[in-house]
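I set out to look up how the parts of this complex meet one another. My entries follow the structure.

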Protein chains: 2
Amino acid sequence: MTFNFFNIFTFLHMAKQKDNPAENKKGESYLTHVAFDSVVFGFSGEKLKILVMEYHNTGLFALPGGFVGLKENLNAAVRRGLKERTGLSNIYLEQCYVFGDVKRHQPAVLRKIIKANGLAADDKHWLLDRFISVAYYALINYSKVKLQPDTLSDSCEWYDLDAVPKLMLDHNLIVQKALETLRKNLDEKLLGTNLLPLQFTMKQLQQVYEAILDEKVHRTNFQRRMLASGLLIRTEKQFLGKAHKAPYLYQFVK
Amino acid sequence: MTFNFFNIFTFLHMAKQKDNPAENKKGESYLTHVAFDSVVFGFSGEKLKILVMEYHNTGLFALPGGFVGLKENLNAAVRRGLKERTGLSNIYLEQCYVFGDVKRHQPAVLRKIIKANGLAADDKHWLLDRFISVAYYALINYSKVKLQPDTLSDSCEWYDLDAVPKLMLDHNLIVQKALETLRKNLDEKLLGTNLLPLQFTMKQLQQVYEAILDEKVHRTNFQRRMLASGLLIRTEKQFLGKAHKAPYLYQFVK
DNA sequence: ATTTTATTGTCTCAATTTGATACAATAATA
DNA sequence: TATTATTGTATCAAATTGAGACAATAAAAT
């Protein structure tokens, strides 16, 4: 088994019971009370999707998340986590909100996960402690992703945004907040392009906008606005053998 | 001395050395590794100001901040802190960013503060540990504030935004980020009105905008835009004995 | 009492942006 | 060669914005 400490199960496996700091068997330690969760957006088949993990034998779904190394930048920890899950570096990533309510502390839920994996759920296990979670959203090129299934048998899959299951703790709320933030920031630097391959047609970009905003946009006005932004470079035409005019491919200016 | 645990000095005083959780002599405990800092904006004399604390005998300036009780919501902790400093409840408050870089961990600075106050700065003192800080910005009615000077002799004063001294750690960066966020959000629900008394003239509101954006705005177009928002109620005229037409007073719709 | 001063509130008009539609161009197919 | 399903651009009215004109007015100056 390869070491993958982004995964909470691996982490459970390795964590020794220690008050502070939390330490795994490789001697690596993490900040207590601090966690992060990522809402990873992808775009495929005209739909917006996010990554959701399923914890085995528990029926529990959750966002991919993790913990911060004692000597690790918070943002770096999140990137490390995303790398583990998707294989991608250089992901577009933004903070979104910090969830810090007491009611999100539900040791019973964590205990269920721990037990379902045959681990000792001592009452003093540090993972049963309260955590503040820093939520991020990430925009990735769906087609480049290689989801890495986990050694401890939980899965990590794409779910259509409109078909996300009930997630543990406040994770559905986190998804909501991430989507809100994404919508608010959408026009900054044509954010949506992060969800597409290097080159894309205007129609694809429009579909990304429509998926995120959950509303139709006017085609020609959208095109006018995108071109006027000066952030798109027009490259060659894309011939797909369809019986109509071939669209241009565009790419984001570097 | 009254107990004021928003203040880091008071906290230093009361904190016993304990790994986790940190506990003061009243038996109250706080989350380790988690802190918050507030950029408190006020408006007076046509200028935007923020609250800055000065740590005595150290030459160190800092933003007001604090820690989160074990059974306390993060947002509630920040409000508690603001109440202590300003005497105000119901403050407009927003999260702004989480600062989580390793390089912000500078135990030498904290040690200096601790020593300057005649406290034991044991190497294992929990305050010398690394903290993630959740930054907030607050908008308050300057005239309503009663700054509460602290029993442990640090001060808390207003500084013009363009004359903020060098602050400890990354606090100047936090101010920058808060200002950016404020600018981005300024138009939502006439945010600026939170910096003014219940009733205000259009000119005052304009000055708030100009102070925040650091640029002049066109008077009549500004007025048109504000009135068109439908969020302002016009009340009586304000007679200040000046040799010109008296302006109307407005207030934000509730 | 009348004029002056400094500001306020409203109006106007051109410039720009936006919304909606028309229409020509064009790959591949029939 | 005509047809089909787009795509890219142009057009025009409607709405918004930028800049300035101007009348109203509260108090001071004359």
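I take contact to mean heavy atoms within 4.5 Å. With that rule I find that 26 residues of chain A and 27 residues of chain B take part in the contact.

I record the conventions here. This is a predicted model, in which local features need pLDDT of at least 70 and side-chain atom pairs count only at pLDDT 80 or more, while totals for chains, interfaces and linings use all residues. Residues are numbered from 1 along each chain as its sequence is written, chains are lettered from A and ligands numbered from 1 in the order in which they are written, and side-chain values use heavy atoms, with hydrogens and water left out.

**Entry: chain A with chain B**

The size of an interface is often given as the accessible area lost when the parts come together. I therefore looked up the buried area, which is the accessible area (1.4 Å probe) that two parts lose on being put together, summed over both. Chain A and chain B bury about 2200 Å² between them, and 50% of this lies on carbon and sulfur atoms.

Next I looked for salt bridges (a side-chain nitrogen of Lys or Arg within 4 Å of a carboxyl oxygen of Asp or Glu). The rule finds two across the interface of chain A and chain B. I note the salt bridge of A:Glu188 with B:Lys184, whose closest N and O atoms are 3.3 Å apart.

On the side of chain A that touches chain B, the elements giving two or more residues include strand E2 (29-44) and helix H2 (74-86). Helices (H or I, at least four residues) and strands (E, at least two) are DSSP runs, numbered from the N terminus. E2(A) supplies the largest share of that side, four residues.

**Entry: DNA strand D**

I call a residue near a strand if one of its heavy atoms lies within 4 Å of it. There are 25 residues around DNA strand D, and A:His244, A:Tyr248, B:Thr220, B:His244 and B:Lys245 come nearest. Of the atoms of DNA strand D within 4 Å of the protein, sugar and phosphate account for 49%.

H6(A) gives the most to this surface, with five residues.

Which base atoms of DNA strand D lie by the backbone of chain B? I found a base nitrogen 3.2 Å from a backbone N or O atom of B:Ala243. For B:His244, a polar backbone atom is 2.7 Å from a base nitrogen. For B:Lys245, a backbone N or O atom lies 2.7 Å from a base oxygen.

Key
A polar contact is a pair of N or O atoms within 3.5 Å; within protein, one must be able to donate a hydrogen and the other to accept it, and residues adjacent in sequence count only if both atoms are side-chain atoms.
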